[in-house]
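Keep the structure open while reading.

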Amino acid sequence: MKIVRTIEKYVPPTFILALMVAHIGYLILSPILWHGLQHSHDFVENFSSWQQALGFLDTMDIPRFMIGIVLLFMAGMLLLKTRIAWFFSLLLLSCIVIVDIAIYRQITVLAGYSLITLLGMLIYWRRFDQRKLASTSFFAVTSIASLIVYSMLGTLYIGDQFTPAVTDLPTAFYFAVVCMSTVGFGDIIPHTTAARMFTLTVIIFGITVFAASLASVAGVLISQNLQRIIKGRFSHMTRKNHYIIVGTSSLALNVYQGLIESGGNVTIVCEPGNKQHYPDHADVVEGDPSAVATLALAGAEKAKYIVALTESDAVNAFIILAAKEVGGADTKTITLVNESQNMNKIKRVKPDAVLSLQLLGSELLVRSLNGEVVNHDLNIDAFFSNGESK
């Protein structure tokens, strides 16, 4: 266990599992691709029909080829810790193990490797908890494209077992889409058992992939909207006796983290599109930080402190003016001064406290150069100025 924990400190288990899934995909693809390269010359020089060109493939090579391709795509999504990639990787790895045991009646090295990877994914299933719209959309597009390729290759491989025979790509694409959508016009009919079984797999996979793709995308959209509604209402109810931090600077992030660790109730106000600087669970209000409506939405009337920590002194001044207009009687305002020459200008808007990191840093340096001990007993309040102009 100590070895496992040591490895986890340097390499995340999700990364290792994604590499293992990608390696399994490569192991499945490599013999098929190598076999194809060996016949590439004949394909180019003596191409007469798609069925002849694909004749070097075995019956199981096409589904194995598609499983390998999909596993490579899933490995990329596993790096993003997406839950849907975890589920389908688990399903494909289970298929590899079951096929080897049920059809080949033996556990090959690939099946054993897949079983180990499968167990690892089951152990660390909690790590794959992301449900993002971009990743689910990518999954949907990849799944549908993979199924179309599988359907086209299979149709061309057994093209003479259909009536009429399928011998070209456009017809194979048409038949694949018709089967996947379960429309079934009946103009192309499988007349052998192998062709009928293949057509059934396309129909079943089509229903499954379309349903899973639609559910994955719609599920994320609905979940995000519900979370936004619930979070917004809950946050609005609990915004009382809290801290409002305005800005996304490094100082703002550190202050937020410190207040959260000490048990404080914090609401963030930032420009639209800057929410990603804070954790997903943070209570964030996006809008113009210097607007009265934005601060009111953040609960300025019931806030303990409104702290302006943007990187612009002008914006900080306007934030304090808006905070004084919408804040409650007991609400205190603190602003950061980025440029020390703007200190007197900031004091004219009369915040309750003004902090200058430049003055603080220079004072600490002077004390250190003079041989004074700088420790935790340092009175930080001495470096805050009140808001009254000199």
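The model is predicted. The chain has 15 helices and nine strands, and 38% of its 390 residues count as buried. Among contacts between residues at least 6 apart in sequence, 67% join residues at least 24 apart.

**Helix α2**
- Helix α2 covers residues 13–38, and its end C-alpha atoms are 37 Å apart, which agrees with the 38 Å that 26 residues should span at 1.5 Å a residue.
- A bend of about 30° occurs in α2 at Leu-29, and a proline, Pro-31, follows within four residues.
- The buried residues of α2 include Pro-13, Thr-14, Leu-17 and Ala-18, as well as Leu-29, where the helix bends.

- The 18 residues of α5 should span 26 Å at 1.5 Å a residue, and the end C-alpha atoms are 25 Å apart, in agreement.
- Buried residues of α5 include Asp-61, Gly-68 and the methionines Met-66, Met-74 and Met-77.
- Lys-81 sits in the loop between α5 (61–78) and α6.
- Lys-81 has a relative accessibility of 35%, so it counts as partly exposed.
- Leaving aside neighbours within four places in sequence, Lys-81 is in contact with Thr-14, Arg-127, Phe-128, Asp-129 and Gln-130.

**The α6–α7 pair**
- The axes of helix α6 (residues 83–102) and helix α7 (residues 109–123) come within 9 Å and cross at roughly 150°.
- This crossing of α6 and α7 is left-handed.
- On the α6 side the contact is made by Trp-86, Ser-89, Leu-90, Leu-93, Ser-94, Ile-96, Val-97 and Asp-100.
- On the α7 side it is made by Leu-110, Ala-111, Ser-114, Leu-115, Thr-117, Leu-118, Met-121 and Leu-122.
- The residues of this contact divide into eleven nonpolar, four polar and one charged.

**Helix α13 and strand β7**
- Helix α13 (residues 313–326) has 14 residues that should span 20 Å at 1.5 Å a residue, and its end C-alpha atoms are 20 Å apart, which agrees.
- In α13, Asp-313, Asn-316, Ala-317, Ile-319, Ile-320, Ala-322, Ala-323 and Val-326 are buried.
- These buried residues pack against β3 (243–246), α12 (292–297), β6 (305–308), β7 (332–337) and α14 (343–347).
- Thr-333 belongs to strand β7, and it is buried because its relative accessible area is 3%.
- Not counting residues up to four places away in sequence, Thr-333 touches Ile-306, Ile-320, Ala-323, Lys-324, Pro-351, Asp-352 and Ala-353.
- Thr-333 and Leu-321 are twelve residues apart in sequence and 9.7 Å apart in space, C-alpha to C-alpha.

**Backbone points in loops**
- The peptide bond from Thr-163 to Pro-164 is cis, with omega near -5°, and Pro-164 lies in the loop between β1 (162–163) and α9 (169–180).
- Asn-241 is a residue other than glycine with a positive phi, near 55°.
- The loop between α10 (193–238) and β3 holds Asn-241, which counts as exposed at 51% relative accessibility.
- Lys-350, also other than glycine, has a positive phi near 60°.
- Lys-350 is in the loop between α14 and β8 (353–356) and is exposed, with a relative accessible area of 56%.

Terms used: Residues are numbered from 1 along each chain as its sequence is written. This is a predicted model: local features need pLDDT of at least 70, side-chain atom pairs count only at pLDDT 80 or more; totals for chains, interfaces and linings use all residues. Side-chain values use heavy atoms; hydrogens and water are left out. Axes are lines fitted to C-alpha atoms, for helices over the stretch in contact, and angles run from 0 to 180 degrees between N-to-C directions. Helices (H or I, at least four residues) and strands (E, at least two) are DSSP runs, numbered from the N terminus. A crossing is left-handed if the near helix is turned anticlockwise from the far one by less than a right angle, and right-handed if clockwise. Contact means heavy atoms within 4.5 Å. Ala, Val, Leu, Ile, Met, Phe, Trp, Tyr, Cys and Pro count as nonpolar, Asp, Glu, Lys and Arg as charged, and the others, Gly among them, as polar. The expected span of a helix is 1.5 Å times one less than its number of residues. Buried means under 20% relative accessible area, exposed over 50%, partly exposed in between (1.4 Å probe, protein chains only). The bend at a residue is the angle between axes fitted to the seven residues ending there and the seven starting there.
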